[in-house]
Amino acid sequence: MGTSKWGAPLFAPAGRRLGLLTQVALALMAVVLLGGPALARGLTIAVNSPTTTFDPSIGNSVPHQRLLTAAYETLLAIDPDTSEVIPWLATEWSVNDDKSEYTLRLREGVLFHDGTPFDAEAVKASLERTLSIGQGESYLISSLREVQVVSPYEVRLVLDSPQPEFLYALTRMFMISPTAIRERPAEWFATNEAGTGPYRLVEWVQDQRYVFEQFPEYWRGWEGPHLDSVTFRVVVEPATQRLLLESGEVDVAENIVLDDLPALELNPAITVARSSAPRPFYISFNVNRPPLDDVRVRKAIALALDYDAAIEIALAGYGSPMRGPVPVQFPGFNEDIEPQQQDLEEARRLLAEAGYPEGGFSLTFLYLEHWLFERTVGLLLQDALAGLGIELVVEGQPWATMTARMDDPEQSPDLVMFAQSTATPSALSILEPMYRTGSEHWSHFWYSNPDVDRLLAEAATEVDDVRRHGLYAQIQALIVEDQPQMFVFSQDEVMTLRSNVRGYKPQFTWSKILNYYDIYVE
Amino acid sequence: MLASLARRFAVLPLMVLGMTLITFVITHLIPADPARVAAGLNASAEQVARMREQMGLNKPLMAQYMGYLGDLLRGDWGSSAVSQRPVLPDIAAALPATLELLLVATVGFLALGIPIGIWIGSSRSRLVSALLSFTSYLGMAFPVFWLGLMLQILFYQQLHWLPAVGRIGTQVQPPTTITGSYILDSLITGNWQALGSSIQHIAMPAICLILARFAVTARFVAGGVQEALGSDYVRTGKAKGLSRFSILYKHALRNVLIPVNTMLGLQFGWLLGGSILIEAVFSWPGIGWYAWRSIVSLDFLPIMGVTLVFSVAFILINLVTDLLYQVLDPRISAGGNA
């Protein structure tokens, strides 16, 4: 009855079954690995969130726009170097004197992916669709009253009221095939496209991958080196994205965490492309709640933070100082505003003057919980304020909870850190929601200054660019004086790519999105 | 037995109802504004108010709950505030991926855990059983999320044996959907490329789950084996001259399957929870990943949907294991008369 001490017979049947399966798998692995085609001139991009809808009238964030900008185009664009509006699907434009009517001349010879020619009817259909759906970035054209088809390649946009910066809105509105708008139900646009862009969708595997191929009749043509396909793979975990990038299985990883960047910088096979971008981070004060209602207390807190350390530690150096509320890249930025620096002496003096020489109060600081770098800023501030006798309680919350609290004056935190989105380089789009009395925007924190309100109202209708920028400068100076917020830093745009990927250039207002047409793989 | 079965099934809807009530109340107690999330950051206050009205959030809580239940029964599980996509089709689409992974993991930890448990339980060497126990507990000690990342580094980055993410290769067409399991479907349709790729891709996430749980299986089996080996019928078998193999596999195993059955019910609950993290690490497009995304954004209709599915699944599995006891051991009858 004896058997070996290791119970060999016990394992034999199991071993045989497993062996067969492994052999089959290994054989197939060989077939797959050896037989896979090499898409040498295509680009594979790892992204961390799936695109929930591909509808160009609804998409309003990076997961949507990274795909939309491959397949759709806008009437105008922003030159990343000069921040100026440049022609795109519209070649020329003229504006009436009070900036309430914009007449655009359209580019001829442009085709949608479904073969429909691009013309004034298409512009009308696209803008009207986006306006009627009323989601995404449609708020940018909310003043559009009528789209007039003047001739097949000329269109006039009539606005409700003068909008000096309306051209910016046209850099965000995607042109959609009127045939598709007419014939397809709304749900079709969630997983299909009908644009004029360089790449057209060939495969959509929900939540997993999206594959695009060159559109042969693209109006800019295909001379020179270009990608013949663009594939997006949803890889949720940043550590996994890094593995895929390092092994070369993906060419670009969009969501590598800051901590991994130094190691990747040392890797010659990988390029860490870094550029300063308009991505401002603010810490807003609840100006109604004592002692924050005293500007001296606000200033003291603002002077307490070590801004350089914040960039070095929280952003791993991938950031630049802010100079007031408006990003430095925007037209109308007030050049006279200097970056705020830490000054603990002055902070102490201001606190004493305000009646708090030993500090002696407690504040809550709220940040978006999965943005750990915001927590780092909170901790730096906590440390600095402790030296002034002020206790800072640092709390992280999910976005849905944050917005609910921020909407409620009772529950609103004392300090809250957030980023402002910059869909267009319009200083007004930053200043108006945050600072106008009675603004119901989520970023508004009960700040009220009648001078600012007056200047904002003037600027909104000031048609002369120079005068308007002058008004912006005044508003910025007032804000800096009133200090309703701390201007923490502007986060750089960082893209991690394989070093053989060429032609990448950050696109200014399409943040964290690649310029697919210009990129190629060596 | 039929009577007890009927009783169990009758209680099922009440348990599920209870789960939905608890989840509904909890998700509504958390201060969050789904209307704001759905309308988007830059929506005006009127747009948000309109969205709130559309989503029925202005009604009293009980009315919302009753409305939700009514919709549920009609097959409308609501839509995600974040993606605006309906919940039930998304969950139904995600379910097969998770079921396939859990099934493979279960087969795996049984195939690994049972022989090891028998080995531990029947081994006369204390060193062997101590070593085996130790290594199997190691797998359990590490957080499954970390295990996943480590396996990726080992098998993908260092050894280049297995792919890091996904359910099937990017250049490979998924097989025609019959059962929803890529492996079964490729076998049925004879799609060898898809079969190979699917097996490659399921390997790491499954190994992760297996490593984390086979120790529990081994422990239960070892305990059962030790008890069985000391029992009368085994001594009779030895006296009759039956081979060790025959004793262990043909006689003792049947009784060992009872604790295994108990353990399966518990393991399943853990696997459901573990699937959330594993699917995130391996970008496995299943219900765990759907659950994780919904929880992170406090998207309460998907959270309700997922909770519903998880609780029904867990209750059903435990019902099945209870019934299996009848088959495995007639001594345990439904009414509990030994």
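Two strands count as paired if DSSP finds at least two bridges between them, strands being DSSP runs of E with at least two residues and helices runs of H or I with at least four, both numbered from the N terminus. This is a predicted model, where local features need pLDDT of at least 70 and side-chain atom pairs count only at pLDDT 80 or more, while totals for chains, interfaces and linings use all residues. Residues are numbered from 1 along each chain as its sequence is written, with chains lettered from A and ligands numbered from 1 in the order in which they are written.

**View 1. Strand β1 of chain A and its two parallel partners.** β1(A), residues 42–47, pairs with β10(A), residues 229–234, in the parallel sense over six bridges. Look for A46(A), whose bridge partner in β10(A) is R233(A). β11(A), residues 252–253, also runs parallel to β1(A), joined by two bridges, and here I45(A) sits opposite V252(A). Five of the six β1(A) residues are buried, so the strand is largely enclosed by the rest of the structure. (Buried means 20 or more other C-beta atoms within 10 Å of the residue's own, with C-beta atoms placed from the backbone.)

**View 2. The largest nonpolar core, with 217 residues.** Such a core is a set of buried Ala, Val, Leu, Ile, Met, Phe, Trp, Tyr and Cys residues joined through C-beta atoms within 7 Å. V252(A), the residue opposite I45(A), is one of those touching the most other members, along with A304(A), V488(A) and C208(B).

**View 3. The surroundings of A304(A).** Leaving aside residues up to four places away in sequence, A304(A) touches Q342(A), L344(A), A347(A), L381(A), A384(A), L385(A) and L388(A). Contact here means C-beta atoms, placed from the backbone, within 7 Å.

**View 4. Helices α14 and α15 of chain A, packed at about 145°.** α14(A) covers residues 427–435 and α15(A) residues 450–461, with their axes 11 Å apart. (Axes are lines fitted to C-alpha atoms, for helices over the stretch in contact; angles run from 0 to 180 degrees between N-to-C directions.) From α14(A), L428(A), L431(A), E432(A) and Y435(A) meet V452(A), L456(A), A459(A) and A460(A) of α15(A). By class, that makes seven nonpolar, no polar and one charged residues, with Ala, Val, Leu, Ile, Met, Phe, Trp, Tyr, Cys and Pro counted as nonpolar, Asp, Glu, Lys and Arg as charged, and the others, Gly among them, as polar.

Definitions and conventions:
Buried ≥ 20, exposed ≤ 12 C-beta atoms within 10 Å, placed from the backbone. Contact = placed C-beta atoms within 7 Å.
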